[in-house]
Structure formats: C-alpha cells, structure tokens
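I opened the model today to look things up chain by chain. My notes follow in the order I made them.

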Amino acid sequence: MIDINNKGNSSSDLREVTRALLQEHENVAPRTTVLSCLLEVQENLHYVPEEAIVEVAKYTGHSINDVWGVASFYTNFRFTPPPQHMVEVCWGPTCHLLGAMDVLVAIQSKLGLEGEGDVPDGVIGLKYNTCLGACSQGPVISVDEKITGAVTVETALSVLEETLNPS
Amino acid sequence: MTEAYKNLRSRADEIWADLHDPETVWVRIGTTICGRSINALGVVETFRAELARRGIKSVVSEVGCLGLCYAEPLVDIRTAGVGRVLLGPVDVDAVSGVVDNVIVNGNVNVPNVIGSFEKTIEGVPMMSEVPGWSNQHRIALRNVGQIDPGDSFQYIANEGYAALDVALSEKTPEEVLTEVRSSGLRGRGGAFFSTGTKWGFLVPSPGPEKYILCNCEEGDPGAYNDKGILEGDPNTVIEGLLLAGFATGASNGIIFIRHGHDGPISRTKEAIRQAYELGLVGKNILGTDYSFDIEVSLVGESYVSGEETALMEAVEGKTARPRSRPPFPAAVGVWGKPSNINNVKTLSYVPEIVRRGGEWFNDIGVNLSKGTAILCLSGHINRRGMYEVELGMTLQEVMDEIGGGVPGGRQIKMLQTGGPLGGLLSADKMDTVLDFEAMRAAGAILGSGGIIYGDDSTCAVDLTRLLIAFCQFESCGKCFPCRLGMTHLLDMIERIRGGEGQQEDLDLMRRYGESMQAGSLCGHGQLGFNPVQSAFRDFMGDFLVHINENRCPTGSCSQYAANPMRTRPGPEATAFITDPYLRN
C-alpha cells in the first residue's frame, strides 16, 4: 500500500511511492501525460517532491526540465510537504465586493501571516484563490478542501478555530 | 426508434414511475458546490435520518442546483398529498419541522416555502408565478435540479438520449448538422461563433481520429454555470458530444475540467461510466455502427487553459500556453488531429435542438442571438443564483425581475459582465438587451454569463485593480505584450489606487492597452485592457478623484493598503529551482 503520510519518508521511499502511484494511474486513466501524472502525485501526496519530478520525467520519457516547466506553471502544485491544514480564501470580484478582504485580513492576523504561505510550525497554511466556484454564496473560504460560503469575519474565524482546536 | 433505446426507455419509465409512486416520498436536495458550501450535505443526512426514524418510505436524492441559490439549501419535496413543493432555505435545524409539517401533516403553509409545482394550495404561490423562476426559459438547464445526476435512467425518462436515438436511426450526419445550422446556435464560451459553422470546419478534415473537446475550464470568477450543468445534468453534455461527434464524423470526445472541482468531475465520470454500461457511448452505440469514446481530462489551475489552443496543449499534458494560428484546430488540433472545441453550455443545448428541430430554437431569442443566456448573478443583488433567460431581455429586467434588485436599499452603480476580461458597465446602460452584438456595442461582453453587481459603495478603481491583478497573475507569459503589459497596468493602477497616481498615468495606460490589443497572441492579452478601458469610459470620475484629490470616493481603497497579489511561478517554485539537485 502507498503510505500517504510520507513526511518522514526518505528520498528512495518517495521515488517508490511515486512509481506505485504512476502505475496505478496508468491502470485507470484512459491516457497519461506529464500533467496527469503530476496531478496524480499532487492529489495523493498533497505536494510534488523533487523525487516525483524525476520519476515522472523517467516515466513519461520527458526531460526533468520539461516536467518542471509544467509543474511550475500550474499554481495548484506545491513542492514542499503541506501543512496539516490548508485554508484558501477567495479574492475573486464577487467575494471582494461582499467583504473578502475583511475575512482575509482577519485570517492573516489570526495566523500571523502577511501574505500566502505556511505558519512556521507547519500546522496550517494560507492560499489565495481566484474563484472557488460558489459565487452565489460569497464570500467563500475553503478549509481542507471543504468549502464554506456566506462567511463573515466571525464565522470564518470560528471555522478556523474549529479546525485548529476541534472541540 | 432503435430496439436498444426502446428497452432503455421502458426501464427508465419504470424507475421514474417508482419515484412517483403514491406511497413514496421523493425529496430532492441541491448539493452542488453552492449548496455544499452552506451545508446542504448535512441537510441530506438529516432528512434521511428523520425519514428513517419515522419509518416513511422515501427516496432522498442529491440533485443539481435549481438556480435559486439565494434560498439554499433548497429542498424539493414530492408526496401524494401535497404534490411537488419547493422549500428554502431549509437548514439542518429546520429539517425535523419540515418533515412533520409537509410530509406527515401535509401542511405546506410553512415560513420557508417558495412555491408549489403541481397543486394549487391555499396561501402558497404556484412556482409558475414565483419571480425569478417563472420568467426563466430553461433549455440547457431543463433537468438541472429536477433529476438525480447520478442515475442516467432519470435523464432517459425525461426524453434523454431521444435526440441521439432519432439521429442514429432516422437522420444522416448532414441532417443533424443542418438542424444545428438552422437553429442559429452560437458558442456560449464567450466568442458567440456559429456552432454549425464551426462543426462544418471539422466535417471535411480527414479521419478516422477526430476530437470534440468540451471546455469546462471555467476560470471566470463570477460564473459557475458550466460546472452547474456538469454537476446537475452531465448526461445532456454527453448527449451533446455524441451528437456533435455524429454530425462531424469525430471519433473521440474529451470533457476538460479544472482539477479540484470534485463535484463536476466525479458526477461526469460516473455519468460516462453508466453511459458506457448502457451502450450509449463506446462501440456500436445503440446497436448502430456509430462509435464514439468519451473521457475526462483534468487540468491544473490556469485561467488561460480555457483558451482553445491552450486547452489542447493542456490536454496533451504541457503548459497551457496558446498556439499561434494557423493551423486552426479543425486541421491540426489535439495530438495533431482535427479537433473542435465547444463550451459546456453550447453542447447542452444540442440534444433539445436535434430533438425539437432547429426552427424551434431559432424562434427563441433576439436578432442574431438565438436561444437563451445562462446567467450567474452575484455580488450586490438580492436573488443571487443561476438562471436561464431568453436572449433579448434588458439588463434592467434581469436585475429587477430575476435578481430582485439591490439589497439594503442602495443604488446600483456598476455591472461586471463576462468574466474579468469583460470589464465594467455603468448602471445607466441598463437598457441594453441581452444580445451579443448589443452588449458589445454598449462596451461589455456577455461572455460566459456571469454578472456581478456593484452598488454605490463600490469604487471603480478598486474593482479594476482587482480585475487587472487577476489578469496579470493569470497571464501565461508566452507573449510579451500581455506579460509586460499586464504587469505595468497593475503597477500604474496600484499607484492610482494608493493615491500616488498622476494624470499622465492614464495616457500611459491607454498606450500600453493599445499595444496589448494589437500585439497579443490570444484573447487574454487582446482583451486584457478591457477592464481599464471600460472603467475609463464609464467611471473616469472615480479615477480623477483618486488622482486630483488623493482620496477614494467610496472609501473602499483606503481601507486596506495591501491587497492580494500573486506572482508566477510562486515563491516556493523559485526556491526549488535553485536546488543543486536540479542544476546538475
């Protein structure tokens, strides 16, 4: 079985995990491409370690440069192990008009962050999003891929609090 | 009618009849992304538990969004006693009361009732009179919210795949193409190019491998109708693809969705799986000699990947950067094979056009814009949601009769239509009709159908900065007019927003904009100046107050000095690139 919780895994483990993921991907996908392989890795490991870049390059027959070019182009890939929790705040025009900045600033000050990024102890990270797709319920945030709509500063902070310190 | 379809239809009719059995209560709850964001899944769970606890024979289905998102979570209940009624918002705490009142006691006079679909009930409006619902004309959305997208038989029971059956058993590909041509259908992705003409380009291209791509990248903030259709009624898109493939002689269909939108992805994949199982996709469809394969392709986050040639690059697994044309996709498309790209909305009209005839569709709409517009209303508007209205309605009617006006007694100031590249439109142009040409003449685009309303507390400079920040971040970087132009535009508008702008900045921005329009490779750069240009045209006052008086007319710009701003590649990616492991 693939060990998804790979934080302590060594480089050779990561290579093996990636190879297994790609094998599994080939079995179910109608066709495989550099992008589909990278998405598969991101989906399962929640980041793309450099070992995976190399393995995807070997597997698809492309150069490391090519694979890296694709990986760095799409903004949903990350290259360092993810924090335990990830909060995304939408700053698209609808959410902006409905008060997304208040929510964003409140979350940033709670987490002690000034922009995007992870808090130093790796418990939680913040990411901007340009549209989470629930515009009719703006402002929208997403915590660990669960979307919450029609948030206010208070509800956003309580969702965050519940995530960090589940009651 | 093919034998295979006749069998499917009779099985589907049985399933449909079972759902309408007098002994069964059928509860439909909208659980697309808008509903899930306010815990519609919790409502589904509670309904199941409450009905089981009372021992009521029932089916609780997760359906697409009926579009009245302002009243979500929406609950649609059908019992033999009260007929079919719609309630909302029904949150988790209200479920028990609704079950007691509506299902057990047959009393629909509850505070959160919206209307009744079938029976006349004292004190409850008929749905055909409910504003925002009654004035819609639902063609592409005909099944969204009405059937369980997870059960293809429910689609078949509602005339689903009937058009495919007629096409395969009675029509030639040319006849199907003629119907689409005579319908006057135009692409709903934003360009409004004639669909029949576009398909016609692909017909003479040599086969056997030819592709029809269905674009559900939908990165436009403010629009979620493509995702709404795929999540609520994926089969109509599959049938549209099959008909497009039949008319053009294509062999494969690819539905292209942005990674991370799990609802549309899983529901589309499930619908494709079922369609293969039922012999509706794959080899020898419905027992005829027509074969067509459909797959889902995912793309990473990138706005430009919605552009047709960038989309083909992404399907091939590369970075989503546009190709230069010619060669056009109909000659050299994805994997170098002839291809045709259609938007989700465009394809979802096709089954009804083929089934009811091109003339029928041609009678709907106005001027050269035939059919309906699928609108997503959001921002400062009372009835936020997804609506399908006949083209030809004015923007004022859309705002008042569909959207229910601006909340809080405020005045409307601006509309942001057609996605970030569409720009701003001032409220005094509200008599513009929903028509591609009329919208363009007014200086806006209908685009993908998103309309974001801004009331009088909105500053045009602030919103324009946001749109430019989006466009700058999403520029793919392939051609320099867009890459550099967007960056400079953003620099200048940030300066103006921060109170450090000068009169000369306005002229400089215009000059940059003209170069971008003339020199960019794809629509992103060519239209990327639109937000600024339209804001200059309609809201120059806001800019001048910033420049001359060093203040923001509404105060929105002074509230926060720093705004979200991102660069590509992200900071993490830049750190990684210095790793000696990759340098060696």
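**Chain A, overall.** I am working from a predicted model. I started with burial: 46% of the 167 residues in chain A are buried. Next I went through the secondary structure and found 7 helices and 5 strands in chain A. Read from the N terminus, the order of elements is α-α-α-α-β-α-α-β-β-β-β-α. I took the box along the principal axes, and the C-alpha atoms of chain A fill roughly 50 × 30 × 25 Å. I also checked contact range. Among contacts in chain A with a separation of 6 or more, 55% join residues 24 or more positions apart.

**Where chain A meets chain B.** How many residues of each chain are in contact with the other? I found 44 residues in chain A and 51 residues in chain B. On the chain A side, at least two residues each come from α2 (34-45), α4 (64-73), α5 (93-97), α6 (100-111) and β5 (146-148). Helix α4(A) gives the largest share, 6 residues. I sorted this side of chain A by class: 25 nonpolar, 17 polar and 2 charged residues.

**Chain B, helix α3.** I checked the length of α3 (residues 40-53) of chain B. Its 14 residues should span 20 Å at 1.5 Å a residue, and the end C-alpha atoms are 20 Å apart, so the two agree. Which residues of α3(B) are buried? I listed B:A40, B:V43, B:V44, B:T46 and B:F47. I recalled that an α-helix has 3.6 residues a turn, so residues three or four places apart point the same way. The buried residues of α3(B) pack against β1 (25-30), α2 (33-36), β2 (58-63), β3 (75-79) and α4 (95-104) of chain B. After α3(B) comes B:G55, with a positive phi near 65 degrees.

**Cis peptide bonds in chain B.** I noted one from B:E72 to B:P73, with omega near -5 degrees. B:P73 sits in the loop between β2 and β3 of chain B. Another cis bond joins B:G88 and B:P89, where omega is about -10 degrees. B:P89 sits in the loop between β4 (83-87) and α4 of chain B.

The axes of α7 (residues 173-183) and α8 (residues 195-202) of chain B come within 7 Å and cross at roughly 145 degrees. From α7(B), I noted B:L177, B:V180 and B:R181; they meet B:T195, B:G196, B:W199 and B:G200 of α8(B). By class, the contact has 3 nonpolar, 3 polar and 1 charged. I then looked into the loop between α7 and α8 of chain B, where B:F192 lies. Phi of B:F192 is near 55 degrees, positive although the residue is not glycine. Is B:F192 buried or exposed? B:F192 has 21 C-beta neighbours inside 10 Å, so I count it as buried.

**B:A223.** I found B:A223 in the loop between β6 (211-216) and α9 (225-232) of chain B. B:A223 is buried because it has 30 C-beta neighbours inside 10 Å. Leaving out residues up to four places away in sequence, B:A223 touches B:E218, B:C376, B:G419, B:S448, B:G449 and B:G450. I also took the C-alpha to C-alpha distance from B:A223 to B:T417: 9.5 Å in space, for 194 residues in sequence.

**B:N367.** This residue, B:N367, is in the loop between β10 (365-366) and β11 (369-370) of chain B. Its phi is positive, near 45 degrees, in a residue other than glycine. B:N367 has 13 C-beta neighbours inside 10 Å, so I count it as partly exposed. Not counting residues up to four places away in sequence, B:N367 touches B:D435 and B:E437. The C-alpha atoms of B:N367 and B:D435 are separated by 7.6 Å, and the two residues are 68 apart along the chain.

**Helices α17 and α18 of chain B.** At what angle do α17 (residues 460-474) and α18 (residues 480-497) of chain B pack? I read about 155 degrees, with the axes 9 Å apart. That angle makes α17(B) roughly antiparallel to α18(B). The crossing of α17(B) and α18(B) is left-handed. The contact residues divide into 9 nonpolar, 3 polar and 4 charged. Those of α17(B) include B:V461, B:I468 and B:C471, while those of α18(B) include B:L489, B:L490 and B:I493.

Notes: Residues are numbered from 1 along each chain as its sequence is written. Chains are lettered from A and ligands numbered from 1 in the order in which they are written. This is a predicted model: local features need pLDDT of at least 70, side-chain atom pairs count only at pLDDT 80 or more; totals for chains, interfaces and linings use all residues. Axes are lines fitted to C-alpha atoms, for helices over the stretch in contact, and angles run from 0 to 180 degrees between N-to-C directions. Helices (H or I, at least four residues) and strands (E, at least two) are DSSP runs, numbered from the N terminus. Angles under 35 degrees count as roughly parallel, over 145 as roughly antiparallel, 65 to 115 as roughly perpendicular and the rest as oblique. A crossing is left-handed if the near helix is turned anticlockwise from the far one by less than a right angle, and right-handed if clockwise. Two residues are in contact if their C-beta atoms, placed from the backbone, lie within 7 Å. Ala, Val, Leu, Ile, Met, Phe, Trp, Tyr, Cys and Pro count as nonpolar, Asp, Glu, Lys and Arg as charged, and the others, Gly among them, as polar. The expected span of a helix is 1.5 Å times one less than its number of residues. A residue is buried if 20 or more other C-beta atoms lie within 10 Å of its own, exposed if 12 or fewer, and partly exposed in between; C-beta atoms are placed from the backbone.
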